Amino acid sequence: MRAGICDMVAVARLINATLVIPELDKRSLWQDSSNFSDVFDEYHFINSLIDDVKIIKKLPKELASATRAVKHFRSWSGVDYYEQEIAKMWEEYQVIRAAKSDSRLANNNLPPDVQKLRCRACYEALRFAPEIEKMGKLLVDRMRSYGHYIALHLRFEKDMLAFSGCTHDLFPEEAEELKSIRDNTTWWKVKDIDPLEQRAKGYCPLTPKEVGMFLHALGFPSSTPIYIAAGDIYGGESRMSDLRARFPILMNKEKLASAEELAPFINHASQMAALDYIVSVESDIFIPTYSGNMARAVEGHRRFLGHRKTISPDRKALVRLFDKIEGGTMKEGKNLSNKVIDIHRRRQGSPRKRKGPVTGTKGTDRFRSEEAFYVNPLPDCLCQNESTNSSTSFVIK
């Protein structure tokens with residue numbers, strides 16, 4: 001959501017357009033009715049970007065009957081595409097509606113001012129609504145009362161499992177339910193998925209049990225406070241039992257806040273996710289169990305704020321180790337711990353340039369293989385300033 005909104009700000013600049021406040025997706029599995037102003041601070045968003053792009057709340061009445069086009073912008077497109085092909089559409093149309101906003105702008109090889117605008121939009125202009133910010137900060141304060149904490153983005157939720165086709169540790173009837181959801185969700189194009197192949201390739205979120213083994217192998221003590229940034233875990237509390245046995249201080253929104261405090265947000269998945277986003281960005285360590293949209297957004301935001309520690313599990317490597325444990329050819333202990341620590345030594349959010357495309361890939365696959373701009377906005381939007389005491393800060397150039 002965040003990436004798409006910020007990219008449309010940059011696209012509006014490229015094609016010299018006035019941007020109408022984006023409409024949020026209301027057709028997702030969770031059927032959230034939230035509007036932009038329910039999730040984000042609309043006034044702040046418009047005014048923060050006033051010198052870059054004109055943004056209005058809704059289409060003016062005089063344009064209600066104007067000639068308009070619904071356009072699927074080409075994925076990962078550069079400046080030439082927008083300034084030449086899309087901008088020419090103004091000759092025939094007064095209103096252009098972007099059918100999709102995700103991954104419509106290239107990650108790399110864009111002018112510096114465009115990249116800076118993306119960062120201004122994402123990290124300065126796109127602020128959550130005041131009520132969400134206030135509740136999010138309250139959750140952070142209550143989480144900090146337990147000490148330094150990990151925010152665990154535990155993406156073991158119904159929609160992700162149905163979409164990815166992952167069924168490890170599930171009962172047959174659960175796997176069938178997820179398959180039915182996938183088959184009946186028309187905008188999910190891939191229907192036939194081999195769950196064993198998905199898991200072997202590292203395409204599945206870690207299970208709660210696997211997360212427990214992972215954290216234990218990394219050396220975190222059982223007294224470590226963990227915030228579960230997620231919706232309803234598929235399978236409920238019973239599926240959390242192994243993780244809870246290892247790390248009993250498992251907290252979430254519902255445990256940190258009263259039902260009355262959460263009442264304004266409880267029936268809106270995007271607003272509840274925004275609360276998780278705030279607690280995750282402010283955590284001492286962030287660990288995503290799957291590289292989804294929110295995980296990537298949080299990781300990039302934490303990099304922008306000074307490369308706060310984010311441990312990105314190597315799911316493909318971990319699955320091989322966990323299968324050996326399950327098969328009895330390896331035991332938990334020092335050997336496993338050494339392997340897990342070694343694998344993740346360079347996967348902790350330290351400063352580095354954004355990764356380019358995988359060697360040998362071409363066309364769309366080449367762009368898809370690149371590290372996304374909002375996962376690692378270095379070096380385009382960050383610069384190091386050496387102060388008199390040699391401390392390092394990160395600011396938009």
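On a 1 Å grid over the protein atoms alone, a cavity is a set of points where a 1.4 Å probe fits but cannot get out, while a pocket is an open set with protein on both sides within 12 Å along at least five of seven lines; lining residues have an atom within 4 Å of a point. With that in hand, welcome to this structure: it is a predicted model, in which local features need pLDDT of at least 70 and side-chain atom pairs count only at pLDDT 80 or more, while totals for chains, interfaces and linings use all residues. Residues are numbered from 1 along each chain as its sequence is written, and side-chain values use heavy atoms, with hydrogens and water left out.

- Of the 18 residues lining the second largest pocket, Arg127, Phe128, Glu133, Glu282 and His301 are the closest to its centre.
- Helix H5 (112-125), helix H6 (130-144) and helix H14 (269-281) each give two or more residues to the lining of the second largest pocket (helices, H or I of at least four residues, and strands, E of at least two, are DSSP runs numbered from the N terminus).
- Nine nonpolar, two polar and seven charged residues make up the lining of the second largest pocket.

**Helix H10 and its partners**

- Helix H10 (residues 208-218) packs against helix H16 (residues 315-327) at an angle of about 100°, with their axes 11 Å apart (axes are lines fitted to C-alpha atoms, for helices over the stretch in contact, and angles run from 0 to 180 degrees between N-to-C directions).
- H10 and H16 are therefore roughly perpendicular to each other (the term covers 65 to 115 degrees).
- Glu210, Met213 and Phe214 of H10 make this contact with Leu318, Phe322 and Ile325 of H16 (contact means heavy atoms within 4.5 Å).
- Five of the residues in the contact of H10 with H16 are nonpolar, none is polar and one is charged.
- The axes of H10 and helix H17 (residues 334-343) come within 8 Å and cross at roughly 90°, so these two helices are also roughly perpendicular to each other.
- On the H10 side, Phe214, Ala217 and Leu218 meet Leu336, Ser337, Val340 and Ile341 in H17.

**The sheet**

- Four strands form an open sheet with parallel pairing, in the order S7-S6-S5-S8 (two strands pair if DSSP finds at least two bridges between them).
- Strand S7 (250-251) and strand S8 (285-288) are the edge strands, each pairing on one side only.
- Strand S5 (residues 150-153) runs parallel to strand S6 (residues 226-228), and three bridges join them.
- Leu152 stands opposite Ile228 in S6.
- Helix H15 (residues 293-304) lies across S5 and S8, running at about 155° to S8.

**A loop residue**

- Asn108 lies in the loop between strand S4 (95-98) and H5.
- Beyond its neighbours within four places in sequence, Asn108 is in contact with Gln115, Arg354 and Glu370.

How values were computed
Ala, Val, Leu, Ile, Met, Phe, Trp, Tyr, Cys and Pro count as nonpolar, Asp, Glu, Lys and Arg as charged, and the others, Gly among them, as polar. Angles under 35 degrees count as roughly parallel, over 145 as roughly antiparallel, 65 to 115 as roughly perpendicular and the rest as oblique.
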